[in-house]
Amino acid sequence: MLHARSGALDNGEPISPPIVTTAKYALAGTPDTPYTYGRDINPTVEATEAAIAALEEAPVVAFPSGMAAITAALMITAKAGDHVLVPSDGYYVTRVMLEEILSGHDIQFDAIPTRDFAAADLSKYAVIWVETPSNPGLDLCSIRSVSEAAKAVDATVVVDNTTLTPLLQRPLDLGADLVVSSDTKAMAGHSDCLYGHVATRDEALFQKVWKWRKVSGSIPDPFPSFLVHRGLMTLELRLERMCTTARALVDRIGDHPAIETIKYPGMGFVIGLTFSGEARAERFINSCPAIFASTSFGGVHTSAERRARWADNVAEGFVRLSVGCEPTEALISAIEATLAEL
Ligand SMILES: Cc1ncc(COP(=O)(O)O)c(C=O)c1O
């Protein structure tokens, strides 16, 4: 990925992708170039897509947010009369999109817990939407088994891979048809832009996603594309620190009496901590100097929030902790000191 761009440069070309801000390209006579109009194509967006494609080992279409990527995937896979299966413990706005927008287009959905996907009867569904680990529930299912069962009933499998990124899990290798990601999170990594992508190795699906972006006008801007490209250059380093610290933190505070339960899927940087109630959870988040109280996850700053405040299906005292890039020992010590005071 680091050399996807630099390896193809001629002498004198810049190693970082130029931020090309243009709505129009020179285009006289019969169009003989793909660079026709800014809503279709942009060189900075293409550079970022190429970097992500190197990670996914698949063609990629970039979007201005994770939700824009999710919308594209739903719009090209589900049609009127179809049923979609989604995780009840996954990202809630995907369900809002189905419930409040796509239901009006005669697309129905069912929501079941991620851990029930393995045993579910998939025969009714045209689209199986998987999130593993789910956010915020952090439960798991086997992408390979769900994909095999989905193939048997001719359903399309879409995996939202935001919580792990293609460096930690590549759903397309495990049988999924499409991957979507909120690159706002660890992919960009610095909490300074929104972004998303769809990847697929199926040429027909790829063409549909590309067409959706072009006609719906949802190409990302060049500046956030540049930021994501820049963030990707350190993705592996950031993830290494974040995941190493997350595991060390779980080992150190796993049995802490101030915490009722701790959930960690074994990899990644997101940890679920359940405290005895809302007050204790809020005290933990707001009194630890090494925790930034905010929504979202995957950034360089360790951050946390109580997901029940968004009416997620979790306990009032459930905190989603996203481990950042702070020095491991300093972060763990700060968290231990806060837990000791609760
Ligand atoms: C798992 C997951 N998917 C998708 C999204 C939506 O991404 P965005 O906020 O970039 O639209 C989020 C955002 O929190 C998420 O956590």
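Tutor: Let us begin with a definition: Ala, Val, Leu, Ile, Met, Phe, Trp, Tyr, Cys and Pro count as nonpolar, Asp, Glu, Lys and Arg as charged, and the others, Gly among them, as polar. Please note also that this is a predicted model.

Student: How many charged residues are in the lining of the second largest pocket?

Tutor: The second largest pocket is lined by 17 residues. Six of its lining residues are nonpolar and six are polar. The number of charged residues in this lining is five.

Student: Which element gives the most to the lining of the second largest pocket?

Tutor: Two strands, β8 (261–263) and β9 (270–274), each supply at least two residues of this lining. The greatest contribution is three residues, and it comes from β9.

Student: What volume does the largest pocket have?

Tutor: The lining of the largest pocket holds 23 residues, and those closest to its centre are Tyr-91, Asn-135, Ser-182, Lys-185 and Ser-296. The volume of the largest pocket is about 360 Å³.

Student: Which element provides the largest share of the lining of the largest pocket?

Tutor: The elements that give two or more residues to this lining are α3 (66–77) and α4 (92–101). The largest share is three residues, and its source is α3.

Methods:
Residues are numbered from 1 along each chain as its sequence is written. This is a predicted model: local features need pLDDT of at least 70, side-chain atom pairs count only at pLDDT 80 or more; totals for chains, interfaces and linings use all residues. Side-chain values use heavy atoms; hydrogens and water are left out. On a 1 Å grid over the protein atoms alone, a cavity is a set of points where a 1.4 Å probe fits but cannot get out, and a pocket is an open set with protein on both sides within 12 Å along at least five of seven lines; lining residues have an atom within 4 Å of a point. Grid points are joined across faces, edges and corners, and a volume is the space filled by probe spheres set on the points. Helices (H or I, at least four residues) and strands (E, at least two) are DSSP runs, numbered from the N terminus.
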